[in-house]
Amino acid sequence: MATSKLVRTILDPNKNWFAALHKKTISDRLTKYGLRYDDLYDPMECLDIKEALKRLPREIVDARNQRLLRAMDLSMKHEYLPKDLQAQQTPFRSYLSDMLALVKRERAEREAFGALPLQQRTIP
């Protein structure tokens, strides 16, 4: 209990200047390309993320894909978003975390009841 409280204190940007500096750096880098933090989650890494993305409304997933494509295009051109568009960005406005938490809770519940998982990765 004390260890988790210590870790939360260390990682809290409001209490630790280094965590605040790290959050500001991440925010600046995401803003330059017009990305959100949730855009960095890879659906091929975790099946829970893939399932959460499937459950989101189509327009949210399309907006995510557009942001990723724009960021890749800007990166290939070695450019950043114009300053007026950078000012409109909200890098830590989450759209995936609620659905991801729901999917993880459902998976944990299924495992607790001994049911088969919803999705299984198979090797061809």
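These questions and answers cover salt bridges in a predicted model.

Q: Why is the contact between Asp-48 and Arg-107 called a salt bridge?
A: Their closest N and O atoms are 2.9 Å apart. The cut-off is within 4 Å, so the pair qualifies. By this rule the count comes to 9 salt bridges.

Q: What makes the Asp-48 and Arg-107 pair a tie between separate parts?
A: Asp-48 lies in helix 3 (residues 47-55), while Arg-107 lies in helix 6 (residues 97-113). The pair therefore ties together parts that are 59 residues apart in sequence.

Q: Why is Asp-48 called buried?
A: Its relative accessibility is 4%. Buried means under 20%, so Asp-48 counts as buried.

Q: Why is Arg-107 called partly exposed?
A: Arg-107 has a relative accessible area of 34%. That value lies between 20% and 50%, so the residue is partly exposed.

Q: How do you know that Glu-51 forms a salt bridge with Lys-54?
A: The closest N and O atoms are 3.8 Å apart. This is within 4 Å, so the pair counts. Being 3 residues apart in helix 3, the two are separated by about one helical turn.

Q: Is Lys-54 buried or exposed, and why?
A: Lys-54 has 60% relative accessibility. Exposed means over 50%, so Lys-54 is exposed.

Q: Why do the side chains of Glu-51 and Arg-55 count as a salt bridge?
A: They meet at 3.0 Å, N to O. That is within 4 Å, so they count. Glu-51 and Arg-55 are 4 residues apart in helix 3.

Q: Which residues are linked in a network with Glu-51?
A: Salt bridges link Glu-51, Lys-54, Arg-55 and Glu-106 in a network.

Notes
Residues are numbered from 1 along each chain as its sequence is written. This is a predicted model: local features need pLDDT of at least 70, side-chain atom pairs count only at pLDDT 80 or more; totals for chains, interfaces and linings use all residues. Side-chain values use heavy atoms; hydrogens and water are left out. Buried means under 20% relative accessible area, exposed over 50%, partly exposed in between (1.4 Å probe, protein chains only).
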